[in-house]
Amino acid sequence: MKIVIINGQNHKGSTYHIAHMLAGKINGDIKEFFLPRDFGEFCVGCTKCFMESEKKCPHYEKIKPLTAAMDEADVIILASPVYVYHVTGAMKAFLDHYGYRWMLQNLCLKSKEYAYLQLQAQV
Ligand SMILES: Cc1cc2nc3c(=O)[nH]c(=O)nc-3n(C[C@H](O)[C@H](O)[C@H](O)COP(=O)(O)O)c2cc1C
């Protein structure tokens, strides 16, 4: 079982540890990334991913290792602390780059298991 963890933060706090507890229960090979350390670009809204190909994204080469890891994984864990009622800015910027996949319902994501963790304090 291949597991990929995308941490929406660079540090190893509660979110990191809970993501690892979950991955530990699944018991597989873990590959993980930290945002924005491993990818920190903002989507520029050029729409080339929708209209032409994701390979035309100006950040294609930078995001490629993360995309490849997710495509290979059986389980994808997206983990983020809550920052002002939302995921971290780094996680949002990362997810924006996959709009073409969610919105066009790309078949390559249909066979995956997903876990989405958001940790907050109390609000
Ligand atoms: C900039 C910032 C914004 C936050 N905004 C919220 C919030 O809107 N609601 C909330 O309940 N907690 C908020 N928190 C608290 C964190 O979500 C919470 O402490 C979380 O468990 C931290 O996870 P970590 O240990 O992985 O950093 C915020 C923390 C920070 C640093």
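Two notes before the structure. Residues are numbered from 1 along each chain as its sequence is written. Because the model is predicted, local features need pLDDT of at least 70 and side-chain atom pairs count only at pLDDT 80 or more, while totals for chains, interfaces and linings use all residues.

Confidence comes next. The protein has an average pLDDT (the predictor's confidence in each residue, from 0 to 100) of 91, and 92% of the residues score at least 70. The mean is highest in strand β2, at 98, and lowest in strand β4, residues 113-119, at 76.

Now the strands and helices, which are DSSP runs numbered from the N terminus: H or I of at least four residues for helices, E of at least two for strands. Strand β1, residues 2-7, runs parallel to strand β2, residues 29-34, and six bridges join them; two strands pair if DSSP finds at least two bridges between them. Ile 3 has Ile 30 of β2 as its bridge partner. With helix α1, residues 14-26, these two strands form a right-handed β-α-β unit. Right-handed here says that, with the strands pointing away from the viewer, the path from the first strand over the helix to the second runs clockwise.

On to the core. The largest nonpolar core has 17 residues, and Ile 5, Ile 6 and Ile 77 touch the most other members. Such a core is a set of buried Ala, Val, Leu, Ile, Met, Phe, Trp, Tyr and Cys residues joined through C-beta atoms within 7 Å. Buried is 20 or more other C-beta atoms within 10 Å of a residue's own, exposed is 12 or fewer, and partly exposed lies in between, with C-beta atoms placed from the backbone. β1, α1, β3 (75-81) and α4 (89-96) each supply at least two residues of this core, and β1 gives the largest share, four.

Last, the backbone. Most residues other than glycine have a negative phi, and most peptide bonds are trans. Leu 35 and Pro 36 are joined by a cis peptide bond, with omega about 5°. Phi is positive at Val 84, near 50°, and at Tyr 85, near 70°.
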